[in-house]
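Here is a short briefing on a strand hairpin, some aromatic pairs and charges over rings. Please keep the sequence and the model in view.

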Amino acid sequence: MMNKSLINILAAVAISTPVLIAPAMVTPAAAQVDLNVSIGVPPPAPVYEVVPAPRAGYAWAPGFWRWDGGRHVWAAGHWMEERRGYHWVPDRWAHSGATWRHEVGHWDREPERHGFNHWH
């Protein structure tokens, strides 16, 4: 009898789990979750990349140093489909005291406040 109850409970959980998780995966808040990294090691000098000619309907995301496996690794620039009414704010490293914090690139409606309105 106990095995049958346990099987019924597990079946109910298995059936209801997608219903509980799926909405969280498609909400705007879930789509904007990112991971900022703070470390005590400054990034190397940026790598010079030739920016390709503009492409209609796309925005250029310049390359940046990402933190991976305890070291800086260069992530090359790439084209992204543009979002009308938005501008791309590139990834960057901010220095604060003894730490460096990676600020993840993102789409923004007000690029002037970041000083990056020339990237689009």
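Strands are runs of at least two E residues in DSSP, numbered from the N terminus. Two of them pair if DSSP finds at least two bridges between them. The model is predicted.

**Hairpin**
- Strand 3 (residues 64-68) pairs with strand 4 (residues 71-75). The sense is antiparallel, over five bridges.
- Asp-68 has Arg-71, in strand 4, as its bridge partner.
- Two residues sit between the strands of this hairpin. Gly-69 takes a positive phi there, near 65°.

**Aromatic pairs**
- The structure holds three aromatic pairs. One of them joins Trp-65 and Trp-74 edge-to-face, at 5.2 Å centre to centre and 75° between the planes.
- Trp-65 is buried, at 15% relative accessible area. Trp-74 has 21% relative accessibility. Buried means under 20%, so Trp-74 counts as partly exposed.
- Trp-88 and Trp-107 also form a pair. Their ring centres are 5.4 Å apart and their planes lie at 70°, so this pair is edge-to-face.
- Trp-88 belongs to strand 6 (residues 87-89) and Trp-107 to strand 9 (residues 106-108), so the pair ties together parts 19 residues apart in sequence.
- Trp-88 is buried, with a relative accessible area of 9%. Trp-107 has 18% relative accessibility and counts as buried.

**Charges over rings**
- Arg-55 lies over the face of Tyr-58, 4.3 Å from the ring centre.
- Arg-83 lies over the face of Tyr-86, at 4.4 Å from the ring centre.

Note on methods: Residues numbered from 1 in each chain as written. Predicted model: local features only at pLDDT ≥ 70, side-chain atom pairs only at ≥ 80, totals over all residues. Heavy atoms only, no water. Helix = DSSP H or I, 4+ residues; strand = E, 2+ residues; numbered from the N terminus. Phe/Tyr/Trp six-rings, centres within 6.5 Å; stacked < 30°, edge-to-face > 60°. Buried < 20%, exposed > 50% of the residue type's maximum accessible area, 1.4 Å probe, protein only. Lys NZ or Arg CZ within 6 Å of the ring centre and 35° of its normal.
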